[in-house]
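Reader: I have a structure to go through before I set anything up. Can you walk me through the local geometry and the packing?

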Amino acid sequence: MSWHRKHLLDIESLSAEEILTVLDTARGFKAVGERAIKKVPALRGKTVVNLFVEPSTRTRISFELAEQRLSADVINFSTEASSFKKGETLKDTAKNLEALNADFIIIRHSASGAPHFLSRVVNSSIINAGDGAHEHPTQALLDAFTIRERKGKIAGLNVTILGDILYSRVARSNIWALTKLGAKVTLCGPSTLVPKTFEQMGCRVTHDVDEALREADIIHLLRIQHERQRKTMFPSIGEYTSLFGLNKARLAKTKPDALIMHPGPINRGVEIDSEIADCERSVILQQVTNGLAVRMAVLYLVNGGKVAPEAAV
Ligand code: CP
């Protein structure tokens, strides 16, 4: 096992061994989730604060459930009902959580670097639940877990990430994770949203969607991140859908066993045909299920991970 970190801030700084440690540990927690009694005492007596300063459905709920399954005391911080509304800073907010003995702070924030900043100003363990367009490490870990579970390996697979790459923290974390694990990553989308500069991260960039999809073992779709775009990046949603959306005609030209992934939330009829989102090749909801085991593994490892998950009952 290779894990000696107090925080999970990004995928960029992790080694392939550390990523594999999370995936292997998550496998144990997935088995725990299939038992009649799904709760283990790994975080008994520990306090976890979910500090979500940006909307979330999947990440917030699966972190909360993971914390409960690990027997932690869980506090959900609501931005609307907090003193953020009275002008309190992120640093002062975190300092107050630390003063209340928060052992872990799970943070989602619209500012890139917010989790790294907190890791420097408080003693709590910090887990990045998505920071601006920078990284979303637990999403990439659950995506890698799902790929390995379904394909039996990651090294050597062709993974195409299609959509708004420029503003996507999911894309960046996936590129780091998948290239470290030996996958061949291709990025595709409009040239304004998929600049060639991404090749510096060790992947291939193309703007030809049929070519990007033809040899893909994994088709990873991303929605348009309207909330982060500061100017119009393409003429219209209709044009984006017609040029880059995954429809039946495009799917027919892909490998028959290529898996379809999406981190959610999906925009049916925009980046993905509604029927394709629900088809047998779609693993979108399996990604969500696996997110629980992966987040249990991350919490367990940053807490020191002394006991194997199957023995932590
Ligand atoms: N995939 C993801 O981060 O979804 P949420 O924004 O709903 O958490």
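Author: First, a convention for the labels: helices and strands are DSSP runs, of at least four residues for helices (H or I) and at least two for strands (E), numbered from the N terminus. Also note that this is a predicted model.

Reader: Fine. Where does Pro 265 lie, then?

Author: Pro 265 is in the loop that runs between strand S9 (259–261) and helix H10 (274–277).

Reader: And what kind of peptide bond joins Gly 264 and Pro 265?

Author: The bond between Gly 264 and Pro 265 is cis, with omega at about -5 degrees.

Reader: Where is the place of Ser 71?

Author: Ser 71 sits in the loop between helix H2 (58–69) and strand S2 (73–78).

Reader: Is Ser 71 buried or exposed?

Author: Ser 71 has a relative accessible area of 17%. Buried means under 20%, so Ser 71 counts as buried.

Reader: Which residues does Ser 71 touch?

Author: Leaving out residues up to four places away in sequence, Ser 71 touches Lys 39, Val 40, Pro 41, Leu 43, Arg 44 and Gly 45.

Reader: What about Asn 101, what is its phi?

Author: Asn 101 has a positive phi of about 65 degrees and is not a glycine. Asn 101 is in the loop between H3 and strand S3 (104–109). With a relative accessible area of 57%, Asn 101 is exposed.

Reader: Switching to rings. How many aromatic pairs does a search of the whole structure find?

Author: The search finds 3 aromatic pairs. In one of them, the rings of Phe 29 and Tyr 300 have their centres 5.2 Å apart and their planes at 75 degrees, so the pair is edge-to-face.

Reader: Which helices do Phe 29 and Tyr 300 lie in?

Author: Phe 29 belongs to helix H1 (residues 16–33) and Tyr 300 to helix H11 (residues 284–302), so the pair ties together parts that are 271 residues apart in sequence. Both Phe 29 and Tyr 300 are buried.

Reader: How far apart are the ring centres of Phe 77 and Phe 84?

Author: The centres of the Phe 77 and Phe 84 rings are 5.5 Å apart. Their planes are at 85 degrees, so this pair is edge-to-face.

Reader: Is Phe 77 buried or exposed?

Author: Phe 77 is at 17% relative accessibility and counts as buried. Phe 84 has a relative accessible area of 18% and is buried too.

Reader: Now the helices. At what angle do H2 and H11 pack?

Author: H2 and H11 pack at about 55 degrees, and their axes are 8 Å apart. That angle makes H2 oblique to H11. H2 passes H11 in a right-handed crossing.

Reader: Which residues make the contact?

Author: On the H2 side they are Arg 58, Thr 59, Ser 62, Phe 63, Leu 65, Ala 66, Glu 67 and Arg 69. H11 supplies Val 288, Gly 291, Leu 292, Arg 295, Met 296 and Leu 299. By class, the contact of H2 with H11 has 7 nonpolar, 3 polar and 4 charged residues.

Reader: And at what angle do helix H3 and helix H4 pack?

Author: Helix H3 (residues 90–99) and helix H4 (residues 114–121) pack at about 50 degrees, with their axes 10 Å apart. H3 is therefore oblique to H4, and their crossing is right-handed. H3 contributes Leu 90, Lys 91, Ala 94, Lys 95 and Glu 98, while H4 contributes Ala 114, Phe 117, Leu 118 and Val 121. This contact of H3 with H4 has 6 nonpolar, no polar and 3 charged residues.

Reader: How do the axes of H1 and helix H5 cross?

Author: They cross at roughly 70 degrees and come within 10 Å, with helix H5 spanning residues 137–151. That makes H1 roughly perpendicular to H5.

Reader: Which residues of H1 and H5 meet there?

Author: Ile 19, Leu 20, Val 22, Leu 23, Asp 24, Ala 26, Arg 27 and Lys 30 in H1 meet Leu 141, Ala 144, Phe 145, Arg 148 and Glu 149 in H5. They divide into 8 nonpolar, no polar and 5 charged.

Reader: Last one. How far apart are Ala 252 and Lys 86 in space?

Author: Ala 252 and Lys 86 are 54 Å apart, C-alpha to C-alpha, and 166 residues apart in sequence. Ala 252 is in helix H9 (residues 248–252) and is exposed, with a relative accessible area of 63%.

Note on methods. Residues numbered from 1 in each chain as written. Predicted model: local features only at pLDDT ≥ 70, side-chain atom pairs only at ≥ 80, totals over all residues. Heavy atoms only, no water. Axes fitted to C-alpha atoms, helices over the stretch in contact; angles between N-to-C directions. Parallel < 35°, antiparallel > 145°, perpendicular 65-115°, else oblique. Left-handed = near helix turned anticlockwise from the far one by under 90°. Contact = heavy atoms within 4.5 Å. Nonpolar A, V, L, I, M, F, W, Y, C, P; charged D, E, K, R; others polar. Buried < 20%, exposed > 50% of the residue type's maximum accessible area, 1.4 Å probe, protein only. Phe/Tyr/Trp six-rings, centres within 6.5 Å; stacked < 30°, edge-to-face > 60°.
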